[in-house]
Amino acid sequence: MTPEQQTEKAPFDTDAVVDEITRFVAEQTRTTPDVDQDLFTTGIANSMFAMQLVVFLEQAYRVTVAGPDLQLSNFRTIKSMAALVGRLQAESAADSDV
Amino acid sequence: MDEQLIAIVGAGVMGTGISTLVVGAGLPVVLVDVDQGVLERATTAIANGLRHAQLTGALPPGRTPGELRTTLSLSDVAAADVVIEAVTELPDQKAQVLSAVSALVRPATPLISNTSGIPIDEMAAWVKNPDDLIGTHFMNPAYLISMVEVIRGPQTADRTVESVLSLLTRIGRRAVVVHDAPGFVTSRLLHPMINDAAQVVRAGTATVEDVDTLMQGCLGHPTGPLRTADLIGIDNLVDALEALYARTGDERCRPSELLLEKVRRGELGRKSGRGFYNYSEAQS
Ligand SMILES: NC(=O)c1ccc[n+]([C@@H]2O[C@H](COP(=O)([O-])OP(=O)(O)OC[C@H]3O[C@@H](n4cnc5c(N)ncnc54)[C@H](O)[C@@H]3O)[C@@H](O)[C@H]2O)c1
């Protein structure tokens, strides 16, 4: 795959991902969190919901969260989750290029 | 000695969570159920549980999990050093499983029941060696909640208490040992409270969300009683309430019509995707 094709096919749209994650968190918790808000210290998320977030991101964006990425700090805010998804997708795209 | 084999009978909500805890601590588990589909779902749930434990820091990173073997054959418990019974909270089913297990294991093998509230001494009548029998009340999810209630029956031997306490230490749990009674401490207090919460909703006093929010915000309850009902499994909650009601006569333990209705509709809580709340399909 050439770089142009890749950009055409799957441009990573951070804003859209942020929106989608926000919608999921809002539906599941019946709150309207800010993208920078720490979901765990503000009592929106708990340890049970944390795993729902992992599984949601994995299914919605076809990524696998494993090893050192499997830590709460990656899931604290909507922005940090979107950043994790962006990085994991970039990594798997780079892998499939090799 | 340090690589004890733990047999767990019943691969539902609790059997799965306890298996996650034990293999996560590095010990091998043989997990028994009567339903192959249940065992397959349990295997997936245990893998997810291990990730969940790592995510929340409940499991130290880099430790190799113990081996998990699943089986439909109860006789595979014969080789175990400790057996944990976590089958449905129905006295007849527990009687059948406990008496079969006690005939299979070596003498002096601790036989642990994870019952929510059936007195240990009542179950003692079902086993070959009542001194080997003890209650250990893990909470759901067992791999996240570090405290367990240990119930010593009047016939439980000191050595049984000691070996169970040392196993619990080995798997990173803190224990409080209590005496035998219907519901022990935690179910005797929690179950009627959840039942009352359902009654409050049924009476129209407040919504499900408002009941939980008040219990969390005003009384420091970590999740709220109705979210806890969903976590427990409403079918199990009803069975446990019935068992308590039959043994205490306490009207607060008579299952609320709202709980019974949810069970009839298959709205069992997290395990079925819907209970007092809806859970995303992503829920493991
Ligand atoms: N759910 C909770 O939060 C919770 C907490 C503490 C204790 N408990 C207690 O733990 C026990 C298990 O509860 P659960 O919530 O996991 O129930 P569950 O309904 O999720 O699972 C019970 C499992 O036992 C299996 N089973 C039934 N008969 C069997 C047999 N003869 N041999 C092997 N397997 C058999 C069933 O197939 C099922 O998979 C009950 O005694 C319950 O009261 C539950």
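Visitor: Which side chains of chain B and chain A meet in a salt bridge?

Guide: A salt bridge is a side-chain nitrogen of Lys or Arg within 4 Å of a carboxyl oxygen of Asp or Glu. Here the side chains of B:Glu209 and A:Arg30 form one, at 2.2 Å from N to O. Between chain B and chain A the count is two salt bridges. This is a predicted model, in which local features need pLDDT of at least 70 and side-chain atom pairs count only at pLDDT 80 or more, while totals for chains, interfaces and linings use all residues; side-chain values use heavy atoms, without hydrogens and water. Residues are numbered from 1 along each chain as its sequence is written, and chains are lettered from A and ligands numbered from 1 in the order in which they are written.

Visitor: How many residues of chain B are in contact with chain A, and how much area do the two chains bury?

Guide: Contact means heavy atoms within 4.5 Å. By that rule, 17 residues of chain B touch 19 residues of chain A. Buried area is the accessible area (1.4 Å probe) that two parts lose on being put together, summed over both. For chain B and chain A this is about 1600 Å², with 58% of it on carbon and sulfur atoms.

Visitor: What should I know of the strands of chain B and their order?

Guide: Strands of a sheet pair through backbone hydrogen bonds, either parallel or antiparallel. Helices (H or I, at least four residues) and strands (E, at least two) are DSSP runs, numbered from the N terminus, and two strands pair if DSSP finds at least two bridges between them. In chain B, eight strands make an open sheet of mixed pairing, in the order β3-β2-β1-β4-β5-β6-β7-β8. Strands β3 (68-71) and β8 (174-179) of chain B each have a single partner strand, so one side of each is left without a neighbour in the sheet.

Visitor: In which sense do β6 and β7 of chain B pair?

Guide: Strand β6 (residues 133-137) and strand β7 (residues 147-152) of chain B are antiparallel, with three bridges. B:Gly135 faces B:Ile151 in β7(B), and B:His137 has B:Glu149 of β7(B) as its bridge partner. On to the next pair: β7(B) and β8(B) run parallel, joined by six bridges. There, B:Ile151 is bridged to B:Val178 in β8(B).

Visitor: Where is B:Pro141 placed, and what kind of peptide bond joins B:Asn140 to B:Pro141?

Guide: B:Pro141 lies in the loop between β6 and β7 of chain B. The peptide bond between B:Asn140 and B:Pro141 is cis, with omega about -5°.

Visitor: What is the phi of B:Ala108?

Guide: B:Ala108 is not a glycine, yet its phi is positive, at about 70°. This residue sits in the loop between α3 (91-104) and β5 (111-113) of chain B.
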